[in-house]
Amino acid sequence: MSLQFRLIEIVSAVVRLGSFSKAAEELYISQPALSQYIQRAESELGYPLFRREKGSCAPTQAGKILAQKGDFLLHYRDDLMRDMAAAASLPSEVVRFGMANGYTQRYFSDTMLGVLEYDPQIHLVPVEDYTNRLIGMLRHREVDIVLVPLPPEVPGMARRLLRRETLLLAVPAGHPANDLAFDEKGEKYIDLAQVGSFPFVIVKDAPRFTDFCDFFFKEAGVTPNIVFQPDNWTACDTMVSAGMGLSLLPCVTAECSKNNNNYYRIKSRYPTYRILTVAYLADQPLSSTAEKVVEQIERMFGDDLVGKKLEELEYPMSIYGS
């Protein structure tokens, strides 16, 4: 396998902190997702990086070497990114705009065109990556603003609420699950408890979204039969259209889908949405140019959450593992 910076970051954190759970907390991912990532890496490498014992994990010699020499690579990478940014001498009209994987198809092109129409002097530099990675880039000042689902409580990070991101159940046309849909207040709903026997296609390597979906499966008392895990939501949507299974997807995927699927709300006692935000560093006030970009994004995509504070909402953060 090719050695990825993400693996180095994870192994280094586990070795330094002495536990999978503490490393997962520091890296803002779930412990099961972290454990699965390491297991996949060990399987591809062909040798273990940790010895698992009751209540503890100790690095093997290979794990120690990866952590020690990997730390050097991480520091070198960070220095390199800072030097490149400094050398670029970015003018004030440039805004480095990060967006989480899965959102570019819906938001990037419209944002670019909308900002250009609003102010042709603004130059957006787009960056696409996983949510946790973008948060790290923001903390290292490698991007100015990021569009991500509600980030965890990260010291020094400010966030502005943008819109609700409703979780939907994607069902192929003609599938028997369509007969289980019911109307409620003008919306079509399906109870996950009634579709638990059908195959599911769920995105992989998206721990925060996976945790979000798992909450509603558990509420419904369902253990999904996952037959395939594509790399992204668009691929999940396409596989649903091909009849490979049902899928839980954010509304952003349905909004730009060209597939002949039906999309239903999920029956639940809890809000079935995440909150999409624009995040930036609290100790580095937005430049006037970046503020223009954020305001334009709010005008283009925001709902009634714009201008509100999270504390004003009855939103159960604890159940979503934010």
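## About the model

Because this is a predicted model, local features need pLDDT of at least 70 and side-chain atom pairs count only at pLDDT 80 or more, while totals for chains, interfaces and linings use all residues. Residues are numbered from 1 along each chain as its sequence is written, and side-chain values use heavy atoms, with hydrogens and water left out.

## The second largest pocket

Let us start with an open space. The second largest pocket has a volume of about 560 Å³. A pocket here is an open set of points on a 1 Å grid over the protein atoms alone, where a 1.4 Å probe fits, with protein on both sides within 12 Å along at least five of seven lines; lining residues have an atom within 4 Å of a point. Grid points are joined across faces, edges and corners, and the volume is the space filled by probe spheres set on the points.

The lining holds 20 residues, and Glu9, Glu26, Leu27, Arg77 and His140 are the closest to the pocket centre. Helices α1 (5–17), α2 (20–27), α4 (61–88) and α6 (131–139) each give at least two residues to this lining; helices (H or I, at least four residues) and strands (E, at least two) are DSSP runs numbered from the N terminus. The largest share, six residues, comes from α6.

The 13 residues of α1 should span 18 Å at 1.5 Å a residue, and the end C-alpha atoms are 18 Å apart, which agrees. The expected span is 1.5 Å times one less than the number of residues in the helix. Buried residues of α1 are Leu7, Ile8, Glu9, Ile10, Val11, Ser12, Ala13 and Val14; buried means under 20% relative accessible area, exposed over 50%, and partly exposed in between (1.4 Å probe, protein chains only). After α1 comes glycine 18, with a positive phi near 80°.

Phenylalanine 5 also lies in α1, and at 39% relative accessibility this residue counts as partly exposed. Leaving aside residues up to four places away in sequence, phenylalanine 5 touches Leu73, Leu74 and Arg77, where contact means heavy atoms within 4.5 Å. Between phenylalanine 5 and aspartate 179 there are 46 Å in space, C-alpha to C-alpha, and 174 residues in sequence.

## Helix α10

Helix α10 (residues 288–301) has 14 residues, which should span 20 Å at 1.5 Å a residue; its end C-alpha atoms are 20 Å apart, in agreement. Within α10, the buried residues are Thr289, Ala290, Val293, Val294, Gln296, Ile297, Glu298 and Phe301. These buried residues pack against β3 (94–100), α5 (104–118), β4 (123–129), β5 (145–149), β6 (157–172) and β13 (273–281).

## Salt bridges

Side chains of opposite charge can pair when their charged atoms come close. A search of the whole structure finds 17 salt bridges, each a side-chain nitrogen of Lys or Arg within 4 Å of a carboxyl oxygen of Asp or Glu. One of them joins glutamate 42 and arginine 52, with the closest N and O atoms 2.9 Å apart. This pair links distant parts of the chain, ten residues apart: glutamate 42 sits in helix α3 (residues 31–45) and arginine 52 in strand β1 (residues 50–53). Glutamate 42 is buried at 11% relative accessible area, whereas arginine 52 is partly exposed at 39%.

Arginine 133 pairs with aspartate 129, the closest N and O atoms being 4.0 Å apart, and arginine 133 is partly exposed at 24%. Lysine 188 meets aspartate 183 at 3.6 Å, N to O; lysine 188 is partly exposed at 40%, and aspartate 183 is exposed at 56%. Elsewhere, salt bridges that share partners join Arg164, Asp303, Asp304 and Lys308 into one network.

## Two more residues to look at

Methionine 81 lies in helix α4 and is partly exposed at 31% relative accessibility.

Serine 56 lies in strand β2 (residues 56–59) and counts as partly exposed at 37%. Serine 56 and serine 43 are 13 residues apart along the chain, with 21 Å between their C-alpha atoms.
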